[in-house]
Amino acid sequence: MRYLEAGKRHSVTFSLNGRAVEGEAEPRLLLSDFLRQTLGASGTHVGCEHGSCGACTVRIDGKAVRSCLLYAVQVEGRAVTTVEGLAGADGLNPLQAAMRKHHGLQCGFCTPGILMSLSQLYDEEPEADEARIRDVLSGHICRCTGYHGIVQAALDVFGRN
Amino acid sequence: MKPPAFEYLAATSLEQAVAALADDEAKVLAGGQSLVPMLNFRLLAPSILVDITRIPGLDFVEGDGDGGLRIGALTRHYTLETSALVQTDFPVLSAAMNHVAHLAIRNRGTIGGSLCHGDPAAELPGLALLLNAQLKTTQRTIAATDFFASALSTILAEDEILTEITLPALPPRTGWGFEEFARRSGDFALAAVGATVSLSGEEVSEARIVVIGAHDTPLRLSAAEALLTSRSGIAAAAKAAQDQVSPSDDLHGSADYRRHLVGVLTRRALTAAWQRAEGSAP
């Protein structure tokens with residue numbers, strides 16, 4: 001049992017993109033704000049802050065989740081992956097590269113969240129078809145692309161195997 | 001958009017969690033996919049959040065050996081949606097889960113949380129009613145028909161925690177249908193209808209119809225169910241369903257529109273259920 005007092009900062013430790021991180025957070029601090037403001041990991045974007053837009057999506061223990069619907073203290077000891085963790089030593093990962101190639105972004109605000117959801121889908125269902133890809137994308141709001149470029153980018157990668 | 005200050009307790013046993021709930025401003029935090037938005041909007045200001053997600057043994061989907069199912073309250077929506085056991089024995093549940101919000105919400109939201117939140121437009125409370133679920137808590141076992149009191153309200157006591165949902169086996173030769181209409185994929189239903197039809201010989205041995213989003217709780221439509229004695233009764237049952245609900249107006253749709261939807265969705269759900277029951281549809 002872990003009890004944390006209100007209005008005071010408490011130590012929070014978890015793994016971020018494979019690296020142990022630590023910071024201090026009040027119980028009410030959202031994970032999205034902890035990532036951006038406490039840890040300086042500003043790749044995760046904050047849109048609606050009530051779970052509707054999908055911009056702040058990160059992965060926790062492999063599963064895509066909204067970081068605005070979680071408190072930082074809840075991820076104690078967990079493994080968090082953000083968009084900063086996608087590229088390898090040799091550059092953009094295939095999904096990221098395909099997004100660039102197919103013009104899957106314009107302003108880029110929604111892109112980090114979309115990449116995190118698509119990366120879970122790719123890990124679990126690399127053969128996903130367009131209908132399934134669109135179903136997953138329905139959890140994300142993009143106001144620039146009309147989604148076409150995003151779907152094309154995903155189909156490029158998901159169809160390779 | 002920042003939530004008000006609260007104390008936080010990560011319980012590791014049900015006893016700890018129940019003890020913490022003695023504080024009458026306490027709230028249980030499970031997946032948090034409804035609670036946290038409400039806190040972000042400051043619609044709620046609990047003194048303490050009791051996080052139950054680290055309590056072991058509440059995340060499982062198991063057969064009961066008799067064709068029924070036992071589901072731990074902390075099971076995530078995604079787990080239920082993708083469970084092979086659910087797809088085989090309760091395909092209507094898999095189909096309905098696909099309408100619950102989006103991947104990231106289903107990864108995190110819990111079955112118990114959705115039931116205890118009791119949103120009348122949410123799928124799970126309606127499915128619990130349709131499948132005659134029994135809801136086991138730290139104090140007692142409650143039938144789904146008794147569980148939902150009104151919109152966003154259940155009969156649970158302040159210090160009572162839902163731990164397990166059991167679904168009794170469906171009768172042999174049972175077909176199902178689930179039809180939902182929402183403005184956008186993943187939105188709350190403007191209306192949804194779940195139905196099962198069980199056949200015995202040429203006779204209907206049981207028909208169940210539940211409507212979601214058209215009342216302050218999910219609703220079993222017994223008058224409409226009673227009219228379904230043959231396939232030709234589907235139209236009459238759909239009309240009765242439409243007459244039996246009294247939805248309210250809101251900015252997403254008028255009461256008349258919702259009533260119309262209930263009729264159409266009931267007809268479609270019953271037709272699909274009938275076809276599956278007689279084996280003419282997968």
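Guide: A definition is needed at the outset: two strands pair if DSSP finds at least two bridges between them. Please note also that this is a predicted model.

Visitor: In which order do the strands of the open sheet of four strands in chain B lie?
Guide: The sheet in chain B is open and has four strands. Their pairing is antiparallel, and the order is 11-12-13-14.

Visitor: Why is one side of strand 11 and of strand 14 of chain B left without a neighbour in the sheet?
Guide: Strand 11 of chain B covers 174–181, and strand 14 of chain B covers 219–220. Each has one side without a neighbour in the sheet because each stands at an edge, with a single partner strand.

Visitor: What distance separates the centres of domain 1 and domain 2 of chain A?
Guide: The domain assignment of chain A places domain 1 at 10–85 and domain 2 at 94–158. Taken over C-alpha atoms, their centres are separated by 21 Å.

Visitor: Which element gives the most to the side of domain 1 of chain A that touches domain 2 of chain A?
Guide: The contact takes 14 residues from domain 1 of chain A and 12 residues from domain 2 of chain A. On the domain 1 side, the elements giving two or more residues are strand 5 (63–66) and strand 4 (57–60) of chain A. With three residues, the element that gives the most is strand 4 of chain A.

Methods
Residues are numbered from 1 along each chain as its sequence is written. Chains are lettered from A and ligands numbered from 1 in the order in which they are written. This is a predicted model: local features need pLDDT of at least 70, side-chain atom pairs count only at pLDDT 80 or more; totals for chains, interfaces and linings use all residues. Domain bounds come from an automatic or database domain assignment. Two residues are in contact if their C-beta atoms, placed from the backbone, lie within 7 Å.
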